[in-house]
Amino acid sequence: MRPSAAAPPPTQHAELLAWVNESARMCRPDSIHWCDGSEEEKNRLTRECLASGELEELNQEKLPGCYYSRSDVNDVARTEDLTFICTRNQADAGPTNNWSDPQETYKKLADIFKDSMRGRTMYVIPFIMGPAGSPFKKIGVQITDSRYVTLNMRIMTRMGRIALRELGSDGEFTRCLHGKADLNPKRRFICHFPEDNTIWSVGSAYGGNALLGKKCMALRIGSYLGKTQGWMAEHMLIIGVENPQGKIHYVAAAFPSQCGKTNLAMLIPPKSLPGYKVWTLGDDIAWLRIGPDGRLWAQNPEAGFFGVAPGTNYQTNYNAMASVQKNSYFTNVLKTDEGTVWWEGMDNPPKHGLNWAGKDWTPESTDKAAHPNARFTAPAENCPSLSPEWDAPSGVPLSAIFFGARRARVAPLICESFNWQHGVFLGATMSSETTAAATGAVGVIRRDPMAMLPFIGYHVGDYFAHWLAMGEKLGGKAPKIFHVNWFRRDAGGKFIWPGFGENLRAVLWAIDRCEGKGKAKETPMGHVPTPDSLNLQGLNLSPETVDALLKVDPKDWTEDLADQRRFFDKVGDRLPEALRQEQEAFAKRLA
Ligand code: GTP
Ligand code: SPV
Ligand code: MN
């Protein structure tokens, strides 16, 4: 018998105990384990995962503490079509979310959860989103029958005893119930009950569907709590940009999934920009609050990185590569014969390995080595560029907010909004090409307001209104808002901007603008840099390319405007009037 099976629950929290018991009566696990977050617990779970095949050991000399996992082939990305916001009133979920009735949904999912943990252990994972003691932090408790999920939660959140201590005997927590069930996509549902502070997720073990602290709690439930409590939960990285004189500006940036957040978060300045340094504070989620000084402060609620593997290498993202050299998990990449990992975009492919689907792979194979959404899970503390402020209880004050899209055409490299309200308009009308982070077609342009389309836990119109209301409160202390696009292509389909470390050049222009410097040209979309105001030293871009990068073509934007209007019509009568007015003003400037 396992020692933990008989251990008494390590909490007096009556509501928590009742909920765990109730969940156990439904799911019928063989045993219940309350996670304490200890090394001993990690080692035991790892041994069990190795025995069951949930994890495979990697070469412990080259990658100490690293393990490999292959997911079910049908369980490799977020499933937005199976993700629901379950509010009592259907209208409150808004036109961009799938909705289902809370009572019916609890019943439908209870049927799937019923007896689903027989033969398995139920892990109870108390966790904190945010540093212990921080005014930003929120507590969640995840129940899961997946050891892989438990081990990943251990990296992505502050979990175990520390969270129970913070919770006390009557603290509030988000109930996060997760079960693998049979991993059948037909019986897979990711359901949020914002009015009950509850998440039920069943049938998937994939990151965004199963590590419930992340997208489900920190964004969908978080955005709802933020709306009611006066703060914001956003799909944003956070960086500190230090200039050669040692002055640091903090910037948060919202880009859709697989559109460059982790890369910008870990940016290494190019050699031709000596003396600059970028500090990493977060790579996916930011919680934003107005501080006592009236400025907007940001904090990363997570404790690790769940990053995209393909495309990551020592040139494009040195800091990510350095972060995954120890105590990390790799999911759906290629495992080489010597027990290391490989994926598309890394140099020197191995002669042979087993690919993400477990098939023999050689460089001649037509199959992918790694799934396009293959991921690594790495502790934040592994990152060489991690900011000393990353877990500061109060967060960091923002100078600028970026909205960034992946667009082959139309959107310029960088554009500064005229003011907060216009910046909210730029965010609200963002569109971007879809990626492999979610199931469905890749490369299709879709409206993705604030990079939050799949993550807003309530009505999108109310969400826009909340952004505007936050701006009112911030007044003159609001960060400046910019729109960026690293992904413009030429007629042959090649990226015309080198991207990655070179993106710092656009960031530095934005910081210049925050300091009242930096020349700009007014366009219908906002202020774009004059070619001479961007530091392009050492880049070898032709003047034509620079023009193409900074171009705001009224013809292209008039086409885009038609689609924007359709989107605003879809938002319906909860669309703030101010955004309609911004749209009309934009139309006038274009004409
Ligand atoms: P999620 O974790 O899904 O939210 O993604 P993310 O926004 O953190 O994106 P990430 O930084 O992981 O980048 C996604 C893909 O885009 C990777 O394959 C990167 O190599 C690639 N990428 C990132 N930045 C750039 C860039 O500036 N230019 C180009 N061309 N590709 C980039
Ligand atoms: C994303 O899809 O935006 C991710 C990965 O960051 S997941 O955690 O699966 O949402
Ligand atoms: Mn993300």
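Where is Leu 183 found? I placed Leu 183 in the loop between strand E9 (174–179) and strand E10 (189–193). Strands (E, at least two residues) and helices (H or I, at least four) are DSSP runs, numbered from the N terminus. Leu 183 has a positive phi of about 55° although it is not a glycine.

Before going on, I noted the ground rules. This is a predicted model, where local features need pLDDT of at least 70, side-chain atom pairs count only at pLDDT 80 or more, and totals for chains, interfaces and linings use all residues. Residues are numbered from 1 along each chain as its sequence is written, chains are lettered from A and ligands numbered from 1 in the order written, and side-chain values use heavy atoms, with hydrogens and water left out.

**Another positive phi**

I looked up Arg 28, not a glycine either, and found a positive phi of about 55°. Arg 28 sits in the loop between helix H1 (14–27) and strand E1 (31–34). Its relative accessible area is 39%, so I logged Arg 28 as partly exposed. My scale: buried is under 20% relative accessible area, exposed over 50%, partly exposed in between (1.4 Å probe, protein chains only).

**Manganese site**

Which residues coordinate the manganese ion (ligand 3)? I found Lys 215 (NZ), His 235 (NE2) and Asp 284 (OD), at 2.1 to 2.6 Å. Donors here are N, O and S atoms within 2.8 Å of the metal (3.2 Å for Na, K and Ca); water is not among the atoms, so sites may look incomplete. Along the chain the spacing reads K-x19-H-x48-D. Lys 215 lies in helix H7 (residues 213–229) and His 235 in the loop between strand E12 (232–234) and strand E13 (236–242), so the pair ties together parts 20 residues apart in sequence. I logged both Lys 215 and His 235 as buried.

**Helix H10**

How many of the nine residues of H10 (residues 420–428) are buried? I read eight, so the helix is mostly covered. Among the buried ones are Trp 420, His 422 and Phe 425. At the start of H10, a side-chain oxygen of Asn 419 comes within 3.2 Å of the backbone nitrogen of Gln 421.

**Pro 131**

Is Pro 131 buried or exposed? I logged Pro 131 as buried, because its relative accessibility is 6%. Pro 131 lies in the loop between strand E6 (121–129) and strand E7 (138–144). From Pro 131 to Glu 40 I noted 91 residues in sequence and 23 Å in space, C-alpha to C-alpha.

Technical notes:
A polar contact is a pair of N or O atoms within 3.5 Å; within protein, one must be able to donate a hydrogen and the other to accept it, and residues adjacent in sequence count only if both atoms are side-chain atoms.
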